[in-house]
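Dear colleague,

Please find the structure below, as promised.

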Amino acid sequence: MRKRIVAGNWKMNKTLKEGIELAKEIELQVEKQEDKSIGVIIGTPFIHLSEVSKIINHNLISIAAQNCSSEPKGAFTGEVSAEMIKSTGAKYVIIGHSERRSYFDEDNKTMNKKVKLALEQGLKPIFCIGELLDERKQNKQFDVVNKQLNEGLFDLTDEEFSKIILAYEPVWAIGTGETATPQQAQEMHEYIRKLVSENYNAEIADNTTILYGGSCKPSNAQELFANIDVDGGLIGGASLKADDFFEIINSF
Ligand code: PEP
């Protein structure tokens with residue numbers, strides 16, 4: 001059975017003090033959660049990772065970095081390696097977020113290097129894919145996602161791929177308030193699972209967690225998560241408020 005997960009992406013928000021407070025608030029909420037089988041992840045800025053790691057109960061919440069370097073170590077000023085992330089107690093790393101792709105020109109080849117370095121360190125990548133608005137208008141969304149998966153992930157071994165969490169995030173829905181309809185989300189998630197099955201096998205496809213991301217909030221999480229191939233969400237804006245984030249976790 002694949003794992004259902006709700007992961008928060010705080011992006012470049014919260015000072016260290018605010019981040020610690022938010023993590024504590026989220027933990028207080030998650031303690032009350034009845035269904036402990038749902039994985040809860042918070043993706044904090046780099047500087048929060050080790051402090052948040054010290055104060056949270058890792059049985060309830062796991063921590064993710066939002067990025068890692070495509071180089072293992074050395075003279076790369078300002079970069080943070082997968083090994084460094086691992087040393088903070090983080091278990092996951094978000095790779096290929098559309099903001100990294102668009103603002104920092106990261107391509108699938110770079111993502112692929114990051115994924116391999118993360119896996120070498122025992123970190124689990126949350127790999128983001130998704131089409132731009134223009135691409136959807138031209139009905140190219142399936143080709144785009146296929147290419148991202150082919151170039152970013154599909155050279156991994158079965159064992160490596162089994163550690164990947166996928167996040168389908170249509171770029172036109174991220175931070176815009178516009179959400180994919182449950183039908184659009186299901187259609188794409190089903191397609192992604194089919195691609196995984198073709199490139200690996202049916203068992204691996206069935207066990208792969210595929211999250212939806214893009215203006216997911218308490219008011220729409222339930223109808224999105226009700227779809228058979230939607231295994232949870234990657235949540236931006238709504239993960240910055242403990243109450244909203246918890247309501248989303250409780251939406252299955
Ligand atoms: C994201 O950044 O991954 C995201 C889905 O953001 P939002 O929920 O704010 O659209």
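**Salt bridges, barrel, cysteines and rings**

Glu106 and Lys114 form a salt bridge, in which the closest N and O atoms are 2.9 Å apart. Please keep in mind, here and below, that this is a predicted model.

A search of the whole structure finds 17 salt bridges, and a few of the others are worth looking up. The side chains of Glu131 and Arg136 meet in a salt bridge with an N to O distance of 2.7 Å; Glu131 is buried, at a relative accessible area of 0%, and Arg136 is also classed as buried, at 15%. The salt bridge between Glu159 and Lys163, where the closest N and O atoms are 3.8 Å apart, has another setting, since Glu159 counts as exposed at 60% relative accessibility, while Lys163 is partly exposed, with a relative accessible area of 35%. You will also find a network of salt bridges that links Arg2, Arg193, Asp206, Asp229 and Asp231.

Turning to the fold, you can trace a closed barrel of 8 strands, which runs β1-β2-β3-β4-β5-β6-β7-β8 with parallel pairing. From one strand to the next, the twist averages 25°. As an example of this pairing, strand β3 (residues 62-65) runs parallel to strand β4 (residues 92-95) and is joined to it by 2 bridges, and within this region Ala64 stands opposite Tyr92 in β4. Helix α9, which covers residues 182-199, lies across β5 (124-129), β6 (165-168) and β7 (210-213), and it runs at about 145° to β7.

Next come the cysteines. How many disulfides does a search of the whole structure find? The search finds 0. Cys68 is in no disulfide, and the nearest cysteine sulfur, which belongs to Cys128, is 12 Å away. A disulfide is a covalent bond between the sulfur atoms of two cysteines, and the cut-off used for such a pair is 2.5 Å, so the 12 Å between the sulfur of Cys128 and the closest cysteine sulfur, in Cys68, is too far for a bond.

Finally, the structure holds 6 aromatic pairs. In one of them, the rings of Phe161 and Tyr200 have their centres 4.5 Å apart and their planes at 20°, so this pair is stacked, given that planes under 30 degrees apart count as such. Phe161 lies in helix α8 (residues 158-161), whereas Tyr200 lies in the loop between α9 and α10 (202-207), so the pair ties together parts that are 39 residues apart in sequence. Phe161 is buried, with a relative accessible area of 0%, and Tyr200 is buried too, with 11%. Together with Phe154, Phe161 and Tyr200 form one aromatic cluster.

Notes
Residues numbered from 1 in each chain as written. Predicted model: local features only at pLDDT ≥ 70, side-chain atom pairs only at ≥ 80, totals over all residues. Heavy atoms only, no water. Pairing = 2+ DSSP bridges. Helix = DSSP H or I, 4+ residues; strand = E, 2+ residues; numbered from the N terminus. Axes fitted to C-alpha atoms, helices over the stretch in contact; angles between N-to-C directions. Contact = heavy atoms within 4.5 Å. Salt bridge = Lys/Arg side-chain N within 4 Å of Asp/Glu carboxyl O. Buried < 20%, exposed > 50% of the residue type's maximum accessible area, 1.4 Å probe, protein only. Phe/Tyr/Trp six-rings, centres within 6.5 Å; stacked < 30°, edge-to-face > 60°.
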